[in-house]
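I set out to record what I looked up in this structure.

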Amino acid sequence: MDAAIGAAGMKGQDIMAKAEFIKGAKYKVLGNTDYPVCDCCGKTNLTRAVGLESECGEILNVGVICASKLLRQNYMGKTYKASPEAVLSMGKRVKREGGNTYLTAA
């Protein structure tokens, strides 16, 4: 049983290592996703998540709560904190209309 817990813990560490947000890096919002696992914190059974693409092409699935804590919205040359609802809205808009929307790591 301890081996199963250890394996689950290791999986969580791998997930955390995957989603390291580099301060100042831009992440393109790809739209809302149905994938139920957050690549940032490892939380499962997500109902609200967005797909992000890093500048180096890495694709991440991040819950809107994690995205709102770690990323900032660009507006008129400055970066501002984005609420979970704003992140969700950006994902919906990108899916509906296309275009490019970027968030910056804080």
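I first listed the contacts of Leu71 (heavy atoms within 4.5 Å). Leaving aside neighbours within four places in sequence, I found Leu71 in contact with Phe21, Tyr27, Leu52, Ala82, Leu103, Thr104 and Ala105. I note that this is a predicted model, in which local features need pLDDT of at least 70, side-chain atom pairs count only at pLDDT 80 or more, and totals for chains, interfaces and linings use all residues. Residues are numbered from 1 along each chain as its sequence is written, and side-chain values use heavy atoms, with hydrogens and water left out.

Helices (H or I, at least four residues) and strands (E, at least two) are DSSP runs, numbered from the N terminus.

**Helix α3**

The 14 residues of α3 reach 20 Å from first C-alpha to last, close to the 20 Å expected. I then sorted by burial: buried means under 20% relative accessible area, exposed over 50%, partly exposed in between (1.4 Å probe, protein chains only). Pro84, Val87, Leu88, Met90, Gly91 and Val94 are the buried residues of α3. They lie on the same side of α3, because their arc around the axis is only 155 degrees (taken from the directions from the helix axis to the C-beta atoms). These buried residues pack against β1, β2, α2, β4 (71–75) and β6. On the face turned away, I found the exposed residues Glu85, Arg96 and Glu97.

**Ala67**

I located Ala67 in helix α2. Ala67 is buried, at 1% relative accessible area. Not counting residues up to four places away in sequence, Ala67 touches Val62 and Val87. Ala67 and Cys40 are 27 residues apart in sequence and 8.6 Å apart in space, C-alpha to C-alpha.

How values were computed:
The expected span of a helix is 1.5 Å times one less than its number of residues.
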